[in-house]
Amino acid sequence: ETESAMAALQNVAQLVPRTSGEKEMVNRSLLFMGYLYYEESALSKAVSALRSVPATSYYYEDALLGLGWTGLKARQWGDCTQAGQTLAKTSNKPVVQCEALLLQAYASLMAKRYVEAASTLRQASQKAEALTEPPQDSLNEQRQTYRITRLSYDSLAGNVEDLAQNRATAEILAM
């Protein structure tokens, strides 16, 4: 199952995108490839796929998270710290910023920089304590938006499947 998923993702990743939607399909495929490689402990391949997601992509934050956790798994503390720092600067989402700080603190801890780790964890704690639950009206609106987005993703998934299994394969074979 993983092999067929990886083959389909590789087909999409090799596509020369013609539209912004296709660019994001490629970026999402690279992200998922990175995550699959991470799960398979093929960490250098994971890093390569995740680093291929450009900063302009919607999936960039997710790629940075993947790079941070891959750095931890590979015991590459500098890579983990760098991904966390970039993520903390890039994201405007407080929860993601907290995870970025957690990555940095974990890398500092593992590198035996305990004072730095404690300071970073205090920053994360302060940021987390400032989080508030959204009002019920906002949650209902978000649920409705999510349902609409899900329908769009279902349509997008059909297009990705077509690219991964049909058109992309023919284009790759023609090379």
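Searching the whole structure turns up zero disulfides, a disulfide being a pair of cysteine sulfur atoms within 2.5 Å. Cys80 is in no disulfide, and the nearest cysteine sulfur, that of Cys98, is 15 Å away. From the side of Cys98, the closest cysteine sulfur is the one in Cys80, and 15 Å is too far for a bond. Cys80 counts as buried at 0% relative accessibility, and Cys98 counts as buried at 13%. Buried means under 20% relative accessible area, exposed over 50%, and partly exposed in between, with a 1.4 Å probe and protein chains only.

A word on the source: this is a predicted model, where local features need pLDDT of at least 70, side-chain atom pairs count only at pLDDT 80 or more, and totals for chains, interfaces and linings use all residues. Residues are numbered from 1 along each chain as its sequence is written, and side-chain values use heavy atoms, leaving out hydrogens and water.

Now the helices, which are DSSP runs of H or I with at least four residues, numbered from the N terminus. Helix H1, residues 2-13, packs on helix H2, residues 20-39, at an angle of about 145°, and their axes are 8 Å apart. Axes are lines fitted to C-alpha atoms over the stretch in contact, and angles run from 0 to 180 degrees between N-to-C directions.

Last, Ser52. This residue sits in the loop between helix H3 (43-51) and helix H4 (60-73). Ser52 is partly exposed, at 39% relative accessible area. Val26 is 26 residues from Ser52 in sequence and 9.8 Å from Ser52 in space, C-alpha to C-alpha.

Technical notes:
Helix = DSSP H or I, 4+ residues; strand = E, 2+ residues; numbered from the N terminus.
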